Amino acid sequence: MQQPPLARAAPTPPHLALSASLPPTPCASSLALGATRRKRGQSVRKALGCILYPCLACLRPQLSTSTHPPADFILFHPLFRRYVKHATLIERCFPPEKSGETTPNSNELSYLIYYAQSKPAKLTKVGAYLSKRIARDTHKSRRPDVLISLRIFGSLLDSCGRDLHFFAKDVLGSLDTVLAANDPELAKAATHAFALFCRSHTGAALAIDRDLRHMYTRLIKTFALYAHPKTDIKDASSTQMAALGLCALQAVAESQATYAAESYYELPRIVRAVVSRITSAPGSGSGAVQAAAAEYQVASVAATDAAPALDAELLASWAWRCLETLVQKSHGQHSRIIISEIFRYLDSQLLWLPTQLCVEIVTAVIGRLQTQDQNMVIVETLAFLTDGTLSSHLYLEVGPKGQNSMLSEIESSGKDADGSMKTANRRACVIRILESMFCRPYVLVGISVMEALNVLVTFLLETVAGEQPVAPDYAVFVSALAAATDPSAAADSSLNQCSGSLADYYHLLAAIGGLATHQYYSCQLADMVGYLISKMSLGDESVSAERRQWLLQALYMVLRCTNGETAGAAQDLSELQACAGASLSLDIFAPLFTLLTSDCWELRAQTADCLVDILRHNCSSYRDSSWPSVWSPALVDAVHRKLEALLASAHDQQPLALRSATYSAAASVLKELLSVRGAEGIQDAIWVVDESAPAQENSSWVSLMAMVWTKVAGVQSNVAFERHVGSASKEAQDSGCWDALVEETCLQSARRIMAIPVNSELLNEQLAASPLSNAADAGVQIRARDIARKFSVKTALEFLGQDSLSQYASTKAEKAKHKKASTDATTLVDRVLCGAGSAAGASSDDDLYSGPAVSALEQINGIRARVSVDWEAQMQQRHDSL
């Protein structure tokens, strides 16, 4: 019987061929587990797998967060790798071990990318294999292999970014593993890979995948810690790590995921790290950002081996650029998170010092915010001004309440600081921020100018009338006025040299004046003027003169800023009308005339300055010829009676400079009234001069009559009368019967009555040496009185004609009849003037002019609740749900 041929020897199974290459002495746990399974009769392959898996797994802890089982480590052995294509393709990208190369093989890498692009689902296995390879090589300190793996990840991110969701967790887990090694070279490569990840990351899965969000947030926290300045360590490695942290944060700032998802946890960390780096080098301002950005790209340190010379100023400029990128790309609630975190850092860490740096940071932020989001900066700034609803502390750590290390650090720093000093610094800084915002041409969207004015004025009155009332200072007011009317020169203003609470109040006045430059409707200036006048409570005698002086200075600031802004901006009549708005009705500012007879000279002078500016505004505003006729005759009569009372009380005032200043105030107001009313005001002006004529002429009175008659002649176009007044004025100047102060005040629009030095000894001596004084010789007095008679009312009426003479006679008789019928003319006039103001206010805005007094804190809380959503409460609800 023929024997069958011998069967071929079966090929050696892979697991038997592998047994010869296994380590001869596996770990004790592996041997014990393998022996146990062999005794139970299990197959050799299972026993071999049990030995192999623990030996590979015990090389390092399982650091990868991949969902693949740890048994995939068997693929690292070449014998098993040949049966898995993705593992083979990845391993071919690695150069020989002893070559020292840190870049993958280009041809093999190209094929791997082609494989991943052709089959995007395979990216899951590719990412898992690379993640485990990086974890294994990092544990064994194989730096070249780790660098090659990171570069492979970078190429995949660059080419397959749209399929990032297949291997996003593997990338983040690998970067976390590499950064934990604290190796600067590995950190550089990891930062570059993270920048590529951020460029491809859209944030679509952050709200769904909680593990992915946790890993992403942890990496941002790591890079933020790198970017934080370290006061105790200042070596080259720490500077390089800070540069890498800023590059990574810049990549996050440019990523779409930062603004597509609810970045309640990422943004505060980024903002805090960036602002801390900015404040670590106060000498570097936002102006250095463009130069730094042009010379160095943000990821240059991470992408190249040749890093530029790093110093504190360069890192601060990169931080500036990162902050600006965040602000420019943010919108809605993201903008508010950024603003709130900036204020929180200034309040908790810097304690609002240095002031100029804090102002520069906030100004740079609002200048780059979208227009519809700029109101958030204003609301948050006003909240800090009033010590009101400050932005609540964020839960920076995802963990139980009370275990937030960052929050506890902030709270402890606030407790250790001096509360009063911190409050003073905060107030000074916030006021300067408001001044900077309102004095610049930002568009205020979503917040009313009147609401902001109401908060500022209420806060001003609450603070200046506190336990230690503060009196106004005119010299400081002049500096504040210059800063408000010329924002470009505000940095060099002498107001910045002042310190203390008084300087803060005048910076606040400059902010109030800056609000007037934002004209959004035709009656806005009228509303602002009426509101400020209503706050003076002119019918209440218990109100202090200091309170009214502060309000008058605020009113003058508003008027000057409005007139100065519109005069320079308007190109034609229609544009002037749109900028300056409608003319102010006499009903609005008539109550101010009651202050002209006040016992306080400062109050009278500031009132006259405000009235002159209001009337000049009415003259420059567009109006038709019938506009003055709408003024109430009763109000017009009351106004001129107040002017007559002002002049009548000035004749016996001492010193003589005070009398001259009072004449200057009355002459300026009369002159502007004639400009507004035209021919209708001539008879009233003549009556004021006639009724208030002194018993004995003086040089100041001669100058007043010359100014008034010159204006009357110009209004009536009476050339003969104008020539007569000019000739008599020249003669009075030559003879010394002239007061140049009255002439300058009436003719120079920039000359303020408040600036007249009423206590000047030199001015008093000059006025006392007038030929019309009793000290002069009799002959000199006679000649001087002859000159003064040329300005008399009788002479003026002769030049004006018979019609004017008869009309003035009836006007004088009617005014005398009303004055005789009134038992108390002064009280009646004040009642008429104040009643007009209250009526105008009630019809303008009931919420601002009437009703119970509301504190600045309550006002800003109401605005804050209306303007923006309470995102802190929303974030707290999400944190509780986690």
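How many salt bridges does the count come to? In this predicted model, the count comes to 25 salt bridges.

The protein chain contains 44 helices and zero strands. Of its 882 residues, 54% are buried. Among contacts with a separation of 6 or more, 79% are between residues 24 or more positions apart. The accessible surface of the chain amounts to about 38700 Å², and carbon and sulfur atoms contribute 53% of that area.

Several of the salt bridges can be described individually. Arginine 213 pairs with glutamate 266, and the closest N and O atoms are 2.8 Å apart. Arginine 213 and glutamate 266 are both buried.

A second salt bridge joins the side chains of aspartate 734 and lysine 730, with an N to O distance of 3.0 Å. Here both partners are in helix α35 (residues 719-735), where they are four residues apart, or about one turn of the helix. Aspartate 734 has a relative accessible area of 58% and is therefore exposed, the cut-off for this class being over 50%. Lysine 730, at 48% relative accessibility, counts as partly exposed. Elsewhere, salt bridges with shared partners bring Glu91, Arg133, Asp137, Arg142 and Asp145 together in one network.

Within that network, the side chains of arginine 142 and aspartate 137 form a salt bridge at 3.5 Å, N to O. The two partners can be compared by their accessibility: aspartate 137 is buried, with a relative accessible area of 0%, whereas arginine 142 is partly exposed, with a value of 28%. Serine 141 lies in the loop between α7 (123-139) and α8 (143-159). Its phi is near 60°, a positive value in a residue other than glycine. Serine 141 is exposed, as its relative accessible area is 63%.

Positive phi also occurs at serine 537, which is not a glycine and has a value of about 50°. This residue is in the loop between α26 and α27 (545-569). Serine 537 counts as partly exposed because its relative accessibility is 29%. A further backbone feature is the cis peptide bond from glutamine 654 to proline 655, with omega near 0°. Proline 655 is in the loop between α31 (633-650) and α32. For reference, most residues other than glycine have a negative phi, and most peptide bonds are trans.

Helix α36 (residues 740-747) has four named buried residues: Leu741, Val742, Thr745 and Cys746. Viewed down the helix axis, these buried residues fall within an arc of 125°, so they line one face of α36. The elements that cover them include α30 (601-620), α32 (656-677), α34 (699-716) and α37 (761-768). At the start of α36, a side-chain oxygen of aspartate 739 comes to within 3.0 Å of the backbone nitrogen of leucine 741, a residue that is itself among the buried ones of this helix.

Glutamine 240 is located in helix α12 (residues 236-254). Its relative accessible area is 19%, and the residue is therefore buried, given that the class requires a value under 20%. When residues up to four places away in sequence are not counted, glutamine 240 touches Pro184, Lys188 and Leu310.

On the surface, Val443, Val445, Tyr520 and Tyr521 make up a nonpolar patch, with about 330 Å² of accessible area together. One of these residues, tyrosine 521, lies in the loop between α25 (501-515) and α26 (524-535). Tyrosine 521 is partly exposed, with a relative accessible area of 38%; residues are included in patches when their relative accessible area is over 30% and they form no salt bridge.

Note on methods:
Residues are numbered from 1 along each chain as its sequence is written. This is a predicted model: local features need pLDDT of at least 70, side-chain atom pairs count only at pLDDT 80 or more; totals for chains, interfaces and linings use all residues. Side-chain values use heavy atoms; hydrogens and water are left out. Patches are made of residues with over 30% relative accessible area and no salt bridge: like charges are joined within 9 Å, nonpolar side chains (Val, Leu, Ile, Met, Phe, Trp, Tyr) within 5 Å. Accessible areas come from the Shrake-Rupley method with a 1.4 Å probe; for residues, only the protein chains shown count as cover. A salt bridge is a side-chain nitrogen of Lys or Arg within 4 Å of a carboxyl oxygen of Asp or Glu. Helices (H or I, at least four residues) and strands (E, at least two) are DSSP runs, numbered from the N terminus. Buried means under 20% relative accessible area, exposed over 50%, partly exposed in between (1.4 Å probe, protein chains only). The arc is that of the directions from the helix axis to the C-beta atoms. Contact means heavy atoms within 4.5 Å. A polar contact is a pair of N or O atoms within 3.5 Å; within protein, one must be able to donate a hydrogen and the other to accept it, and residues adjacent in sequence count only if both atoms are side-chain atoms.
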